[in-house]
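This report describes side-chain packing and pairing in one protein chain. It takes aromatic pairs, nonpolar cores, a surface patch and salt bridges in turn.

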Amino acid sequence: MLSLPVADPGTPDARSPLRYLWWVARAQKGPMLIGIGLAILWWLGQALVPAAIGRAIDALTAKDVPLLLRWSAALLALGVVQAVAGVLRHRCAVLAWLAAAYRTVQLTSRQATRLGATLPKRLSTGEVVSVGNSDIANIGGAMEVLLRGAGAVFAIATVTVILLTTSPTLGLVVLIGVPLMAAAVGPLLKPLHSRQHVQRDLQGDLATRAADIVGGLRVLRGIGGEHVFAARYREESQRVRHAGVRVASVESMLEGAQILLPGVLIACVTWLGAHFALDGRISAGQLVTFYGYAVFLIAPLRTLTEAADRITKGHVAARRVCRILSLEPEFRDGPLRRADADLSGGLLLDGESGVAVRPGRLTALAAAVPEEAIAIADRLGRYALGDVTLDGAPLADLPVAEVRRHILVADNAARLFTGRLRDELDVTGTATDDDLRLALQTACAEDIVEALPEGLEAHVAESGREFSGGQQQRLRLVRALAADPEVLILVEPTSAVDAHTEARIADRLGKARAGRTTLVCTTSPLVLDRADLVLFVEDGKVRAEGTHRELLRVEPGYTLTVTRGEG
């Protein structure tokens with residue numbers, strides 16, 4: 001039984017779409033070669049049927065019963081060969097389709113993981129989603145049609161040889177007609193290619209728009225803006241529709257050419273064959289053979305034009321995949337290789353702003369402009385370039401994986417994924433039930449789990465849509481606490497919860513993170529009042545530091561920021 005190959009075939013060649021398609025084909029060369037061989041056998045079985053029928057008719061005309069029986073047996077054998085080869089060929093074709101499609105999914109998923117925070121900066125969500133929606137099908141279709149296309153070429157060559165042997169004139173008609181039909185289809189491929197490329201780009205933009213609308217639907221309904229965004233989506237959808245119509249106009253011409261051109265060739269071959277039969281140059285059986293071949297040629301010729309269409313679509317899809325695979329991470333591993341012990345207990349310092357996260361303490365960062373706090377958190381977590389040091393060593397000189405193990409940045413853009421709630425909260429798979437219970441208590445999220453009939457075993461829907469905004473924020477905090485990193489950076493972890501819950505989280509956070517390094521970016525007085533040290537950032541620089549109450553007395557800018565101008 002054939003099985004889907006999942007072994008890593010090595011590094012893909014993403015320098016051009018054609019190179020990528022060739023790499024995909026070589027990565028599964030075994031099934032591809034077997035499939036091509038079976039396709040040739042399948043087409044050959046069909047190609048020999050008209051010749052066998054013609055010989056059987058001649059035997060019947062000559063009243064040669066033994067010869068008639070032999071050719072009848074040959075027809076039966078050809079039918080068996082077609083059936084067996086056709087089934088196995090189809091299995092290989094499906095295998096090639098699935099292998100190419102899912103290998104592309106594996107590569108793009110692996111590349112997305114490798115790029116990390118770089119991916120959303122370089123590509124839109126819709127462009128990445130389109131790879132899984134349509135591009136893998138087109139790449140798989142290109143691999144599948146290669147099997148039938150190779151067999152079709154062999155079948156046309158076989159028929160041409162038979163016709164040349166029987167009647168050189170008719171053989172030359174076929175030999176000249178096939179390239180002419182291919183040349184006639186050629187001018188349609190370039191406009192088809194360009195229009196498909198435009199349509200793919202518009203589909204990616206539309207998918208991005210849809211993802212944004214779905215993600216912010218609750219907010220849009222709250223402010224009454226869903227009609228505005230629905231109108232924008234409708235406008236972009238119409239652009240995609242018009243682009244699809246333009247693609248379909250060329251495809252319809254290509255489909256028509258697949259019928260018209262072989263039909264013209266059939267008419268020519270049949271007309272010449274009939275005249276030759278009337279002149280006595282060929283027998284009645286040979287006339288039937290020629291007509292049978294004229295009809296038979298429709299299938300391989302149609303397959304060749306279909307192959308041109310599918311390979312064009314595969315080329316367009318491979319271009320998008322190559323664009324993703326050609327991206328390089330914004331951050332690369334530095335030259336230093338430090339042991340875990342060297343990184344624990346060190347001072348995390350942002351040289352640009354002067355923010356110093358002291359080890360073992362709960363530090364709060366209050367910024368006059370919220371975007372400044374986010375930028376500092378990104379630099380401290382090495383999600384943005386900056387002059388940041390950890391225990392005196394530049395963060396840029398450390399391996400990215402090691403930085404991620406020691407420093408965790410948790411913000412409100414983090415998502416909940418589909419799956420079991422326990423797995424969503426314990427992403428490392430190392431937290432015990434007591435660890436999860438402590439994290440749930442710290443984030444005041446016990447009521448969320450208790451309300452679920454299955455508790456931690458409950459299934460979470462996509463993006464956690466069954467939870468409210470405040471519940472999602474508390475669950476994200478649970479996930480960050482359960483990871484128990486050495487340095488935890490929280491960005492506005494209580495912005496969506498009520499004041500009572502916020503006060504309890506602020507009381508419990510310091511106790512839960514005792515002995516660990518924690519930075520909370522917030523302007524909430526309830527959280528700031530529980531911090532060991534508060535840093536006030538204005539114009540991208542630390543302007544003051546101290547406790548919350550000290551800064552309220554001595555720093556007017558801080559007072560204005562945390563009281564929202566009400567102090």
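This is a predicted model: local features need pLDDT of at least 70, side-chain atom pairs count only at pLDDT 80 or more; totals for chains, interfaces and linings use all residues.

F536 and Y558 are both buried. F536 sits in strand 11 (residues 533-538) and Y558 in helix 21 (residues 556-562), so that the pair links distant parts of the chain, 22 residues apart.

**Aromatic pairs**

A pair of aromatic rings is described by the distance of the centres and the angle of the planes. The count for this structure comes to four aromatic pairs. Another of them joins W43 and F296, with centres 6.1 Å apart and planes at 70°; since planes over 60 degrees apart count as edge-to-face, this pair is edge-to-face. W43 belongs to helix 2 and F296 to helix 9, so the contact ties together parts that are 253 residues apart in sequence. W43 is buried, with a relative accessible area of 3%, and F296 also counts as buried, at 10% relative accessibility. Ring pairs link W42, W43 and F296 into a cluster.

**Nonpolar cores and a surface patch**

In soluble globular proteins, nonpolar side chains tend to be buried together. The largest nonpolar core here has 34 residues, and V159, Y293, F296 and L297 touch the most other members. At least two residues of this core come from each of helix 2 (29-61), helix 5 (125-166), helix 6 (168-215), helix 8 (226-278) and helix 9 (284-296). Helix 8 gives the largest share, ten residues. Beyond its neighbours within four places in sequence, L297 is in contact with I156, V159, V174 and L265.

L76 is located in helix 3 (residues 65-115). With a relative accessible area of 60%, L76 is exposed.

**Salt bridges**

Side chains of opposite charge can pair when their charged atoms come close. The whole structure contains 22 salt bridges. Three of them are listed below.

| Salt bridge | N to O distance |
|---|---|
| R422 and E457 | 3.0 Å |
| D529 and R549 | 3.1 Å |
| R543 and D539 | 4.0 Å |

Where do the partners of the R422 and E457 bridge lie? R422 lies in helix 14 (residues 421-425), while E457 is in the loop between helix 16 (446-450) and strand 8 (459-460), so the bridge ties together parts 35 residues apart in sequence. E457 counts as partly exposed, at 37% relative accessibility.

The side chains of D529 and R549 meet in a salt bridge. This pair links distant parts of the chain: D529 is in the loop between helix 19 (525-528) and strand 11, and R549 is in helix 20 (residues 548-554), 20 residues apart. D529 is partly exposed, with a relative accessible area of 28%, whereas R549 is exposed, at 53%.

For R543 and D539, the closest N and O atoms are 4.0 Å apart. R543 counts as partly exposed at 44% relative accessibility, and D539 as exposed at 62%. Elsewhere, salt bridges with shared partners join R420, R422, D423, D433 and E457 into one network.

Key
Residues are numbered from 1 along each chain as its sequence is written. Side-chain values use heavy atoms; hydrogens and water are left out. A nonpolar core is a set of buried Ala, Val, Leu, Ile, Met, Phe, Trp, Tyr and Cys residues joined through side-chain atoms within 4.5 Å. Buried means under 20% relative accessible area, exposed over 50%, partly exposed in between (1.4 Å probe, protein chains only). Helices (H or I, at least four residues) and strands (E, at least two) are DSSP runs, numbered from the N terminus. Contact means heavy atoms within 4.5 Å. Rings of Phe, Tyr and Trp (its six-membered ring) pair if their centres lie within 6.5 Å; planes under 30 degrees apart count as stacked, over 60 as edge-to-face and the rest as tilted.
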